[in-house]
Amino acid sequence: MDDFKSPSSRYRPVAFWSWNDKLEAAELVRQIREMDEQGWGGFFMHARAGLETPYLSEEWFDCVETCVNEAKSRGMQAWIYDEDTWPSGWAGGLIPRLGEEYREKHLFLAENEIPHHPDDIRMLKIYKANRRYAAEAAYYRDRSSAYRLENIAEITQEEAIREHGDEVILYFYQWTAPLTNPRYRGASYVDLLNPKVAEAFIASTHERYKEAIGAEFGATVPGSFTDDLTVLWNIWGRKKQALPWTTSIPERFIARYGYDLLDCLPQLYFPLEGCERVRIHFHDLVNDLFVESYTKILHEWCERNGLKSTGHLMGGDPIMSYMRHFEYMQVPGDRPSGAGERSAARPAPARQRRLSIRQGRRTLRNVRRGRAKPDDGGPEMDLQLAVPEQRHGADATLVLLFASGGSRKRDHPPNLFYQQPWWGDNRLMADYQARVSYALSQGVRVKDVLVLHVQDSAFAAHTPLRPEAGGLAAKKLEKVLRRLLEARYDFDLGDESILARHGSVEGGRAGGGARTVSLRRHSACADDPREHVDAAGCLHEGRRRRDLFQGEPPAMVDGLPGGGRAYEALLQGALPAGLHHLEALLRSKLPPRIRIEETNGGAAASIYCHQRRVDSGYLYFIINHGRTNAAELLVRIPEQGRLRVMNAENGGGGGSRRCA
């Protein structure tokens, strides 16, 4: 009870402390005292726009050491933030200046004319084709691209410069960023698909932190945050024609899949025969390269040096498989897409938050290894709480500005520090958050449904000419997740590539987690790569387990029609489940663990429930996520014993009474 009333710093909010001015030791110490007195448990030392102290200089590390020592004296946490502003990987311009192989690269499509400087490109393939404008012009983002290709044929560079009349010339080429981008201090971003980048980044940044404060690694300094990872970033206003790329992709592709990607580049952009298969293979390879070449290397360095690796990816990209990265983070970070651009009055959609949080939590349970578990089952890092919305867990990052003069006051997300008039009362909310965090870190979360992710459907549908197509599957998935939460069925998300390596069925429990039911959500263009069907078939062996398909079963395997015996075995006994009667189907197979309804007979759809199994029984966290509607509830709990109500606002606990 004492731990619940006054949780330690481990359970308290930890914010991005934006260092955005000339740093002075006395002022740094004063601000840490402010954080401590108002209930914060620690901070990330985050270089931010406006910083006047040279990044990674001796003066910088003197300030870091001062803050670590002050945090240690107060029992707080001082986390590393590994970059000069964001995104991580370029070390304030040091890495891209090491050479061309370190700089960001993309696959580009250009029609008739190439917009980039000849020194920055390497031609891969050139085609000519006839244009047939699609009846559904909206297939593409704009009318100028609303066509399909006919009579496509490869041509040489010499042939391309001739007059071709109505034919369109398609140039596919590798673009390497020049050292001219003011966003990167006259340099560029980096190629995160090249492992040399991660190795150089660690040497220039993390090893420097180890030299300065390594004695506190794993203690006052729990870990390191890597920010806004992406392989499709800042491409000079031409994102519509771009895809992730690195020089080794063609060689890696043919070794993995047995055919030449360079012969299939048009399929990555246009709805040509076999495009789904090519896209699945391409994006699957890119995501694996991304993890192997950056996230895994960084994670392993952190693990060797006693640090927890954490961070998040650039939000909102349907072709990024976030869960594969979370496998190599002890503390997965949560960043719904668009969070940084929304205010408290216009928070990012709750559906984005549900998906990103569940991806991180499920990955930790998919991978049953010490390196992939949060410390002692502690809470996942929640980076998205704004003061006006904190009780609802809305989407805006906790940011504390070191200084707010000049243009710094216009930084986003909103500043939640001593400059605010309500700062003197901040501890009320910080204590509330810490108590909830403490309670939800006890025992083991109880969940009954495994929802298999639709990542491969997004891969198959995605084209840079119509980027929203890849996101349709995720939007449909979010509707399923919302319906499950409204019905009080807690769930996990399953990534099939991870389950293929680590999944199992134990006593009818899939992956050591879900009790009896898995739910698959597929769109009309769904695909299950062959190895993923095999993995799901393995999970299907649990006798007590039943697969429910929300929507139609998958129409393709490995991007091709049909699926063979593994596919047929998976579908045997599967029951199609429309969203409108999903809850009824679940209740017929899996009675809910708790029943909640409004006393007036309403369904209480805005009431969510989180259940945990603890040493003394069960813990239920019941929350109204609605912003305006209050509800009087009737709660039925099947377990017998004594019931105690805990008050997270003041740390008190009401008297217990027997629950029959």
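A contact here means heavy atoms within 4.5 Å. With that settled, I looked at how far along the chain contacts reach: among those between residues at least 6 apart in sequence, 77% join residues at least 24 apart. I note for myself that this is a predicted model.

**Entry: the whole chain**

I counted secondary structure and found 16 helices and 29 strands. I then checked burial, and 56% of the 660 residues count as buried.

**Entry: the parallel sheet**

I traced an open sheet of seven strands, ordered β11-β10-β8-β3-β2-β1-β12, with parallel pairing. At its edges I found β11 (331–332) and β12 (399–401); each has a single partner strand, so one side of each is left without a neighbour in the sheet.

Further in, I followed β2 (residues 42–47) and β3 (residues 77–84), which run parallel and are joined by five bridges. One residue I looked up there was Ala47, whose bridge partner in β3 is Asp84.

Helix α3 (residues 58–74) does, touching β1 (14–19), β2 and β3. The direction of α3 makes about 175° with that of β2. Helix α7 (residues 275–304) packs on the sheet too, with β3, β8 (223–229) and β10 (308–313) as the strands it touches. For α7 I read an angle of about 165° to the direction of β8.

**Entry: helix α2**

I checked the length of α2 (residues 25–37) against expectation. Its 13 residues should span 18 Å at 1.5 Å a residue, and the end C-alpha atoms lie 19 Å apart, which agrees.

Which residues of α2 are buried? I listed Leu28, Gln31, Ile32, Glu34 and Met35. Looking down the axis of α2, I saw these buried residues fall within an arc of 155°, so they line one face of the helix. A reminder to myself: an α-helix has 3.6 residues a turn, so residues three or four places apart point the same way.

I also looked for what covers the buried residues of α2, and β1, β2, α3 and β12 are among the elements that do. Just after α2, I noticed that Gly39 takes a positive phi of about 95°.

**Entry: helix α10**

I ran the same length check on α10 (residues 426–439). At 1.5 Å a residue, its 14 residues should span 20 Å, and the end C-alpha atoms are 20 Å apart, which agrees.

This helix is mostly covered, with eleven of its 14 residues buried. Among them I noted Asn426, Asp431, Arg435 and Tyr438. The cover over the buried residues of α10 includes α1 (2–5), β25 and β26, which took me on to the next sheet.

**Entry: the antiparallel sheet**

Here I found three strands in an open sheet, in the order β13-β25-β26, with antiparallel pairing. The edge strands are β13 (444–445) and β26 (617–624), each pairing on one side only.

Arg445 stands opposite Arg612 of β25.

**Entry: cysteines**

How many disulfides are there? I applied the cut-off of 2.5 Å between cysteine sulfur atoms, and the count comes to zero. I also looked up burial for two cysteines. Is Cys264 buried or exposed? With 11% relative accessibility, Cys264 counts as buried because the limit is under 20%. Cys609 has a relative accessible area of 13% and is buried as well.

Methods
Residues are numbered from 1 along each chain as its sequence is written. This is a predicted model: local features need pLDDT of at least 70, side-chain atom pairs count only at pLDDT 80 or more; totals for chains, interfaces and linings use all residues. Side-chain values use heavy atoms; hydrogens and water are left out. Two strands pair if DSSP finds at least two bridges between them. Helices (H or I, at least four residues) and strands (E, at least two) are DSSP runs, numbered from the N terminus. Buried means under 20% relative accessible area, exposed over 50%, partly exposed in between (1.4 Å probe, protein chains only). Axes are lines fitted to C-alpha atoms, for helices over the stretch in contact, and angles run from 0 to 180 degrees between N-to-C directions. The expected span of a helix is 1.5 Å times one less than its number of residues. The arc is that of the directions from the helix axis to the C-beta atoms.
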